Amino acid sequence: MTRCTWLKPCLWAAIVALLVCNLPAVAQSAAPAPAAQAAPAPPAVDAPLAVSGPSSDDLTAGDPSGTKTGTVNDITRSDPSKGLTLTDVVNQIGQNRIGINFTWTLVCGFLVMFMQAGFAIVETGLCRAKSANHTMMMNFMVYGFGLFAYWVCGFAIQMGSAAGTSMLGGAAPLNSEYAIHLFGHDWGLFGMKGFFLSGSTYDVGVMVLFLFQMVFMDTALTIVTGAVAERWKYIAFCVSSLVLGGITYPLFAHWAWGGGWLAKLGTNFGLGAGYADFAGSGVVHSVGAVTALAGALIIGPRIGKYNRDGSSNAIPGHDMVIVLTGCFILAFGWFGFNPGSTLGASGALRISTVAVDTMLAGCTGSFGAVLFMWIKYGKPDASMSGNGLLAGLVAITAPSGYVNSVAACIIGLIAGFLVCVSVEFIDRVLKIDDPVGAISVHGAGGLWGVISVGLFADGTNTVKGLFYGDPGQLVAQLIGVATLLGFVFPFTYGVNWLIDVFIGQRVSAADELEGLDIPEMGALCYPEFVLKLDTTHAGTTQATEIKSGLRVAQETA
Amino acid sequence: MKLAGILLAVFGWLIPVIGLTMTSSTGARMSLCVLGIGVALFAILKLLNQAHQKEAVWRR
């Protein structure tokens, strides 16, 4: 047999083998595809779920490890006869989220309320003992006056159109605003829903918002009492506080936080995210400071503060212990002020960053003030150290939600230096008497905080500043500063000028020299202590002349 | 003088606000802001304060 003769049978055998081997694959490919499995039907949302929790016998035996507490048994059934449904489970998730946010916001609001005690003892400690009762009473009653005015109309003006706060369930009833249409844009001016928290604003979400915003408003009010302490008539304080809490503060707060025109600078004019003020360096502290400045200008300095040549006399406070204790109380309360401004903890885990930024800025603020005083005067001054801490906290209030920890340190340090420079400038150059440094701490610190958002915001929380590529944000912040100086100050100055015309803001010289506790309050704060006489030359001289003038006026009357 | 100080402060606010509608340049808007803030500060700290200092209690 030749090679060709055995090759043909081999080829045929190979072909047959291939065919036999591929028959199953051919058979498989040729076989009709089985019917596609139908997708499982979605569970009926109202059908009872086949789940069960611990039995009643299990629960009766006790639960030391916690594994039998907080189970499917604790989910609210909308229809107990039907049992647990998917709708019930999903609703419970929503309730839990909002419940967490309510609890967080309310507890933070309680912390901010406690700051009133801090402000009270800081201011009282920095004033003289003869007016301590009066100073404490202003800080005590500012809570009530502010709360009442805010309940009547302030909350409505500020938050009347704030619907959409998803962290608190939406606050849908807050849906009315007065706006004007100019140059092709709407300029929201004030809200119109929520007066007396009545009607549809009798709502659990609205109540949380009211409490939280109210304590912020009260912080602004209490700032004023420090700058005009020891010579402000109590009745004038009452009226001024009612107006500030009911109208002035809510107006600017609406523009910034209530959906007003400042907040819309981003959408209307392309300026970053619009005016951004996370927790209120501008809204709270700067509004309080410009009102304090207006009051200090109208009322004038304490007798004895300045000599005839314009030089300034130091009038030390009477208790540094309560001043620095008060600063700690404020620093503690600030953990509610800044982190609480997320309005929730569920879906807002940035609260940790905000809290740490707040701590760091307060710390470096005190460093800045201590360094400044130590270098300039050779000793670290206690009251300025406290003011430095507060200035750092004030300055970080606006940017706390938008910056990293390095920026927070820088912002606080600059605020610490700034407050020392500002105190001396206001006292010695402007000759404005501010017993507690409120205008410097809350004004200089507050305006620096507003501006620092436009510089340091890093974009990790929607806002980006100049150093991270958005100069428009800085413009928005500067417009906020201009509004504080050019609208809020004139407005509040006008209000207080009218109060001065109709009621009178300043106590008589005789009352001031005696100390306001007896003339205004009817009782001394420290009845068992012998109070020191005012021995400054200027004070004694001015007191003698004023008393002589009074005596002459009475004789000729 | 006090009224002049108040009115000038308000004018300092209006400079950047009205400027928003007149230009879309970020640089121009920023310059107007700085100008407006400067005008407002001058009005408050110089004009208004000076008017109050003239009748201050320590001058009597």
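Analyst: Helix 14 of chain A and helix 1 of chain B are roughly antiparallel to each other, a term for angles over 145 degrees. This is a predicted model, in which local features need pLDDT of at least 70, side-chain atom pairs count only at pLDDT 80 or more, and totals for chains, interfaces and linings use all residues. Residues are numbered from 1 along each chain as its sequence is written, while chains are lettered from A and ligands numbered from 1 in the order in which they are written.

User: At what angle do helix 14 of chain A and helix 1 of chain B pack, and how far apart are their axes?

Analyst: Two packed helices are described by the angle between their axes and the distance between the axes. Here the angle is about 150 degrees and the axes are 8 Å apart; angles run from 0 to 180 degrees between N-to-C directions, with axes fitted to C-alpha atoms over the stretch in contact. Helices are DSSP runs (H or I, at least four residues) numbered from the N terminus.

User: Which residues of helix 14 of chain A meet helix 1 of chain B?

Analyst: Among them are L478(A), A482(A), F489(A) and Y493(A), and the residues they meet in helix 1 of chain B include I6(B), W13(B) and V17(B). Contact requires C-beta atoms, placed from the backbone, within 7 Å.

User: How many residues of chain B are in contact with chain A?

Analyst: There are 27, in contact with 28 residues of chain A. Helix 2 of chain B gives the most to that side of chain B, with 15 residues.

Notes: Contact = placed C-beta atoms within 7 Å. Helix = DSSP H or I, 4+ residues; strand = E, 2+ residues; numbered from the N terminus. Parallel < 35°, antiparallel > 145°, perpendicular 65-115°, else oblique.
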